[in-house]
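Please examine the sequence and the three-dimensional model shown here before reading the explanation.

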Amino acid sequence: MSSPSSTAVLSGYYDAMNAHNVSTALSFLHQDVLVTFPEQDRSWQGISVAEDKFSGMFERMPTFKGEFNVVSADEETASDGSAIDKITVSCKFQCVQSQSNSSRNMLYHIRNNLITQIHHL
């Protein structure tokens with residue numbers, strides 16, 4: 001079971017993304033955040049890459065909105081004893097201008113109140 005603070009991290013992250021507030025969205029990510037996609041060539045890592053990706057996305061998709069529902073949550077213990085919450089969510093993303101409307105499951109790893117990994121499933 002994930003901690004309430006990890007669910008709050010996800011909520012805050014989605015709120016920031018929906019507000020197109022890049023700096024606030026970045027504040028929820030670990031410096032070395034890893035983001036993966038089924039198409040491996042789309043995967044990336046690091047907060048500076050996140051800043052570029054988010055800024056570009058909000059420019060291309062000015063009405064971008066995302067929402068999520070928790071599907072499952074597990075906890076794992078890291079080698080240093082800290083908890084890693086693994087939260088699988090069902091996501092829906094929309095943008096009127098780009099006529100984008102997609103749904104997918106995603107897996108978030110949250111450790112010490114920061115998102116360390118985002119896996120697009």
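The model is predicted: local features require pLDDT of at least 70, side-chain atom pairs count only at pLDDT 80 or more, and totals for chains, interfaces and linings use all residues. Residues are numbered from 1 along each chain as its sequence is written, and side-chain values use heavy atoms, with hydrogens and water left out.

Helices (H or I, at least four residues) and strands (E, at least two) are DSSP runs, numbered from the N terminus. Six strands form an open sheet with mixed pairing, in the order β2-β1-β6-β5-β4-β3. Its edge strands, β2 (44-45) and β3 (65-77), each pair on one side only. Two strands are taken to pair if DSSP finds at least two bridges between them. In general, strands of a sheet pair through backbone hydrogen bonds, either parallel or antiparallel. The pairing of β1 with β2 is antiparallel and spans two bridges; W44 in β2 is the bridge partner of V35.

Helix α3 (residues 47-60) packs on the sheet and touches β1 and β2, its direction making about 65 degrees with that of β1. Helix α1 (residues 4-18) lies across β1, β3, β4 (83-95), β5 (100-111) and β6 (114-120), and runs at about 30 degrees to β4. For these angles, axes are lines fitted to C-alpha atoms, for helices over the stretch in contact, and angles run from 0 to 180 degrees between N-to-C directions.

A nonpolar core is a set of buried Ala, Val, Leu, Ile, Met, Phe, Trp, Tyr and Cys residues joined through side-chain atoms within 4.5 Å. The largest one here has 34 residues, and Y13, Y14, L29, F54, V89, Y108 and I115 have the most contacts inside it. Helix α1 gives the most to this core, with six residues. Beyond its neighbours within four places in sequence, Y108 is in contact (heavy atoms within 4.5 Å) with residues including L10, Y13, Y14, V89 and I115.

T36 belongs to strand β1 (residues 29-36). T36 counts as buried because its relative accessibility is 18%, where buried means under 20% relative accessible area, exposed over 50%, and partly exposed in between (1.4 Å probe, protein chains only). Not counting residues up to four places away in sequence, T36 touches S43, I118, H119 and H120.

S43 is located in the loop between β1 and β2. With a relative accessible area of 28%, S43 is partly exposed. Leaving aside neighbours within four places in sequence, S43 is in contact with V35, T36 and F37.
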